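Please read it with the sequence at hand.

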Amino acid sequence: MIKVVGREKYTRELESRTSLRDLISELGLNENHFVMLVNGNPATSDEEVGKDDDVVFLEIFSGG
């Protein structure tokens, strides 16, 4: 399952094995604006994920 958490929130199923980099592109996300977690662990865009993995993109916010 893929979850995007930030200003926009949505969830969808992962249909096939792919890299996080390809998912970022497919979802139209900016890699520099998100922390990526795979099964609860920090991940890089090179990591491969499949339909049994839990993928979360957490948007980074800052403010003062």
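Does glutamate 59 count as buried or exposed? Glutamate 59 counts as buried, at 18% relative accessibility; here buried means under 20% relative accessible area, exposed over 50%, and partly exposed in between, with a 1.4 Å probe and protein chains only. The model is predicted, so local features need pLDDT of at least 70 and side-chain atom pairs count only at pLDDT 80 or more, while totals for chains, interfaces and linings use all residues. Residues are numbered from 1 along each chain as its sequence is written, and side-chain values use heavy atoms, with hydrogens and water left out.

**Strand β7 and its partners**

- Four of the five residues of β7 are buried, so this strand is largely enclosed by the rest of the structure; strands (E, at least two residues) and helices (H or I, at least four) are DSSP runs numbered from the N terminus.
- With β1, strand β7 pairs in the parallel sense over four bridges, where pairing requires that DSSP finds at least two bridges between two strands.
- Within β7, valine 55 has isoleucine 2 standing opposite.
- With strand β4 (residues 34-38), β7 pairs in the antiparallel sense over five bridges.
- Phenylalanine 34 stands opposite glutamate 59 in β7.

**Salt bridges**

- Side chains of opposite charge can pair when their charged atoms come close.
- The structure holds three salt bridges, each defined as a side-chain nitrogen of Lys or Arg within 4 Å of a carboxyl oxygen of Asp or Glu.
- Glutamate 59 forms one with arginine 7, and the closest N and O atoms are 3.7 Å apart. This pair links distant parts of the chain, 52 residues apart: glutamate 59 lies in strand β7, and arginine 7 in the loop between β1 (2-5) and β2 (10-12). Whereas glutamate 59 is buried, arginine 7 counts as exposed at 64% relative accessibility.
- Arginine 12 and glutamate 26 meet through their side chains in a salt bridge of 2.6 Å, N to O. Here strand β2, which holds arginine 12, is linked to helix α1 (residues 20-27), which holds glutamate 26, and the two residues are 14 residues apart. Arginine 12 is partly exposed, with a relative accessible area of 28%, and glutamate 26 is exposed, with 52%.
- Aspartate 46 and arginine 21 also meet in a salt bridge, at 2.7 Å from N to O. Aspartate 46 is in the loop between β5 (41-42) and β6 (48-49), and arginine 21 is in helix α1, 25 residues apart. The relative accessible area of aspartate 46 is 53%, so this residue is exposed; arginine 21 counts as partly exposed at 43%.

**Serine 19**

- Serine 19 is in strand β3 (residues 18-19) and is buried, with a relative accessible area of 11%.
- The side chain of serine 19 reaches the backbone nitrogen of aspartate 22 at 3.1 Å.
- Beyond its neighbours within four places in sequence, serine 19 is in contact (heavy atoms within 4.5 Å) with Ser45, Asp46, Glu47 and Glu48.

**Nonpolar surface patch**

- Val35, Leu58 and Ile60 make a nonpolar surface patch of about 220 Å². Patches consist of residues with over 30% relative accessible area and no salt bridge, with like charges joined within 9 Å and nonpolar side chains (Val, Leu, Ile, Met, Phe, Trp, Tyr) within 5 Å; accessible areas come from the Shrake-Rupley method with a 1.4 Å probe, and for residues only the protein chains shown count as cover.
- Isoleucine 60 is in the segment after β7 (55-59) and is partly exposed, with a relative accessible area of 45%.

Definitions and conventions: Polar contact = N/O pair within 3.5 Å; in protein donor to acceptor, adjacent residues only side chain to side chain.
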